[in-house]
Amino acid sequence: MTTQAKEDSKVSTQEASTQGLTSTQAAERLQQYGLNALQEKKRSALLRLLSYFWGPIPWMIEIAAILSALVQHWPDFWIIIGLLIFNAGIGFWQEFTAGNAVDALKKQLALKARVLRDGQWQEIDAQQLVPDDIVRIRLGDVIPADVQLIEGDYLDIDQSALTGESLSVTKQLGDTAYSGTVVKQGETIAKVTATGEQTQFGKTANLVKQASTTSHFQKAVLTIGNYLIYVSLTLVVILILVQLHRGTPWLELVQFALILTVASIPVAMPAVLSMTMAVGAVVLSKQKAIVTRLESIEEMASMDLLCSDKTGTLTQNRLTLGKIEQFYATDEQHVLLMAALASKAENKDAIDQAILDGLKNKTDLKSYQQNHYVPFDPVHKRTEATVTDNNQGQTFQVSKGAPQVIMQISNLTNEEALRAEHVTHDFAKQGYRSLGVACKKQGAKQWTFLGVISLFDPPREDSAEMIANAKKHGVSMKMLTGDNQAIAQQISKKLGLGVNIFPANTLSLDKNNHFDHNNGDRIEQADGFSEVFPNHKFGIVKSLQERNHIIGMTGDGVNDAPALKQAYVGIAVSGATDAARAAADLVLTAPGLSVIINAIEEARRIFERMNAYAIYRICETIRIMFFVVLTMIFFDFYPITAIMIILLAFLNDVPIMSIAYDRTVLESKPVRWNMSQIITVATVMGIVGVLGSFGMLLLAMDWLKLDVAQIQTYVFLKMAVAGHLVLFVARTKDYFWKQPWPAPIMVWSALITKLAATLLAAYGFDIMTAITWPEIALIWGYSIASALLTDIVKVQVYRHLEKNTSERRA
């Protein structure tokens with residue numbers, strides 16, 4: 001650019017600062033900066049749905065479906081396709097119903113703006129605003145972009161949704177007011193400094209889009225799935241090679257190997273685990289907690305640290321009357337009455353409302369008439385009213401405001417002034433906001449100092465109890481608030497969180513919202529942080545996640561949305577903004593936080609059910625695969641037919657859904673997926689099961705002298721009876737006959753399906769060769785004895801693993 005061009009550009013900008021932009025300049029800037037809106041790359045619903053058919057487990061299921069179609073096993077094909085669609089449907093529905101946090105953020109933005117264009121004031125769509133536009137902002141407006149105040153006195157702004165501050169903030173000439181905040185008082189002319197994604201609001205939306213975590217549930221399913229797939233495929237390859245060498249017809253062998261593989265691969269595992277979590281979600285919904293992402297239930301069971309916004313979450317977001325220090329007032333109610341007369345109820349100001357609510361006898365106000373009222377402004381820092389006493393006919397003035405200002409206009413001795421300063425300082429140390437109150441008789445030269453009122457945002461009634469209960473459940477807490485350090489420490493102390501609170505600006509953030517390692521140590525040790533912005537909350541959550549914490553986050557405002565989205569468990573409290581609810585995994589619909597503890601307990605029960613199913617599924621695969629393959633290798637016959645494998649899958653996997661209703665032990669500490677423990681326990685149980693199956697096979701061959709067809713029925717019934725017994729063994733770390741007892745639905749589903757298997761074995765029904773009732777009784781007795789032995793081995797394995805873990809920690 002030439003020197004002359006630069007000078008022209010400079011002149012153009014200066015003119016824009018005083019006269020607004022021309023339509024041409026606005027169009028150029030719109031081309032340069034884009035619309036004043038949150039941009040989002042949208043992916044079609046079809047592509048999102050198709051993404052759920054892509055991945056290791058979907059691939060295996062799809063291959064199994066293709067092979068079933070090739071060999072024309074249509075019942076298998078449709079069952080597999082049904083499970084595939086069911087799994088994909090659940091995942092897609094979760095994403096769809098969780099909502100789009102960016103869309104919710106858009107709703108917070110102003111829709112129209114009054115702008116100076118071409119020398120004239122006009123109303124335009126807020127998204128057409130560009131940097132250097134001149135806008136007029138009034139009481140009640142949602143500020144349409146980040147702006148700098150250039151004309152007028154001041155603005156009183158509610159920016160709690162953006163920063164979390166419980167009190168409104170005063171902005172004067174030269175200050176920046178943020179997009180999406182609401183004007184509570186004042187009128188001004190301002191220059192737009194940033195639009196769209198460059199605003200503080202836009203950066204918050206971008207943080208929401210950046211936020212992403214991989215569910216521990218997804219990792220667990222992949223780990224278990226991969227383990228079973230590798231085991232199954234290895235055994236099937238060995239089986240095919242051996243049998244082809246023996247001259248077995250290849251089509252018959254491929255059909256059998258396919259069905260065996262499908263029965264062993266955890267086709268139904270995502271569906272069973274999702275069903276388990278869905279049942280838990282229904283339970284939580286009855287307790288006024290709506291789950292928007294099923295995996296978050298499993299994450300909540302593992303949660304060891306809960307970060308919480310203060311305003312509106314731990315506190316009521318409502319100013320309340322605190323202590324009152326009297327000076328020249330007859331009593332505390334006299335101080336409040338004079339303060340109320342210096343208020344305007346119809347303005348719905350939070351401070352005025354708190355004072356009016358504190359009056360015990362509001363009918364006293366009817367004895368006075370307010371003749372004139374001067375509202376608060378940041379220059380004089382007090383309100384003033386001229387009032388007439390209707391009973392005595394006297395007129396006087398009342399004023400309330402910053403204690404230092406009220407002290408200056410009052411007739412106080414040095415001793416009284418020192419006392420007032422001490423009281424104000426003491427209130428500030430406790431995190432209270434102070435108001436001085438004074439009155440002046442008609443004709444008097446100086447004001448009479450009546451007293452100092454304190455105001456604060458009180459904790460929710462159940463906050464302290466919830467925090468104490470969370471600690472008992474092994475979940476520690478940190479408070480993150482936009483309020484100042486004194487207020488944060490005072491509330492934190494009241495709630496039993498500790499007072500190790502630091503201002504967030506003492507932590508350095510890089511452009512990716514990461515903290516360095518030194519900051520990470522400090523974050524982990526702190527009880528909370530004050531004066532935080534959305535990027536601080538986001539960075540704090542991310543830093544703690546990098547230190548292997550399973551983080552939960554509670555909040556209610558736009559400022560909480562990025563951290564809610566980033567946390568493994570985002571919890572939007574009752575009354576939260578649309579943005580917070582859309583970013584959250586759990587939405588509370590009733591006031592209070594006690595439901596969070598209920599959710600943690602329910603999540604841990606659900607986790608135990610999923611853990612039990614994972615052990616059962618691995619154990620069953622090992623038990624069936626190793627037995628069938630080794631029998632064919634060593635004895636050269638099919639120990640079970642293809643149709644029997646399909647029946648086994650049906651009789652075991654369909655009723656297994658009842659595990660979603662099981663009664664479980666409630667762990668006192670957070671629980672996590674321990675894959676090495678799960679695979680070790682399940683593998684040992686599976687090996688015991690294989691040995692037991694070979695014992696039964698030898699009894700059938702050498703003692704009962706059964707033929708191959710009868711042995712196949714014999715093996716089928718043994719696998720069916722023992723299958724569900726394995727689940728009862730897997731559901732607890734202790735002996736299975738100890739409490740808590742299994743849910744009745746689990747017992748009945750096991751009895752009904754095993755009765756069906758027994759009747760099939762007894763009568764055949766042209767599906768298999770019938771065996772005698774004494775043989776059936778032997779199978780039942782042997783299976784129960786085998787389950788008892790498996791249970792004893794399981795308990796010993798758990799004890800051995802726990803002993804090793806304790807020794808490593810020591």
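Predicted model: local features only at pLDDT ≥ 70, side-chain atom pairs only at ≥ 80, totals over all residues.
Six strands make up an open sheet in the order 10-15-14-13-12-11, and their pairing is antiparallel. Strand 10 (320-326) and strand 11 (368-374) are the edge strands, each pairing on one side only, and from one strand to the next the twist averages 25 degrees. Within this sheet, strand 14 (residues 433-441) and strand 15 (residues 448-456) run antiparallel and are joined by seven bridges, with Val437 having Gly451 in strand 15 as its bridge partner. Helix 14 (residues 332-341) lies across strands that include strand 10, strand 11 and strand 15, and runs at about 85 degrees to strand 15.

**Aromatic pairs and charges over rings**

| Pair | Centre to centre | Angle between planes | Class |
|---|---|---|---|
| Tyr368 and Phe396 | 6.1 Å | 90 degrees | edge-to-face |
| Phe627 and Phe694 | 5.1 Å | 65 degrees | edge-to-face |

Because Tyr368 lies in strand 11 and Phe396 in strand 13, their pair ties together parts that are 28 residues apart in sequence. Phe396 is buried, with a relative accessible area of 14%. The pair of Phe627, in helix 24 (residues 594-635), and Phe694, in helix 26 (residues 675-703), links distant parts of the chain, 67 residues apart, and both of these residues, Phe627 and Phe694, are buried.

Arginines also sit over aromatic rings: the charged end of Arg136 is 4.3 Å from the centre of the Trp121 ring, while Arg419 lies over the face of Phe327, at 4.0 Å from the ring centre.

Terms used. Residues numbered from 1 in each chain as written. Heavy atoms only, no water. Pairing = 2+ DSSP bridges. Helix = DSSP H or I, 4+ residues; strand = E, 2+ residues; numbered from the N terminus. Axes fitted to C-alpha atoms, helices over the stretch in contact; angles between N-to-C directions. Contact = heavy atoms within 4.5 Å. Phe/Tyr/Trp six-rings, centres within 6.5 Å; stacked < 30°, edge-to-face > 60°. Buried < 20%, exposed > 50% of the residue type's maximum accessible area, 1.4 Å probe, protein only. Lys NZ or Arg CZ within 6 Å of the ring centre and 35° of its normal.
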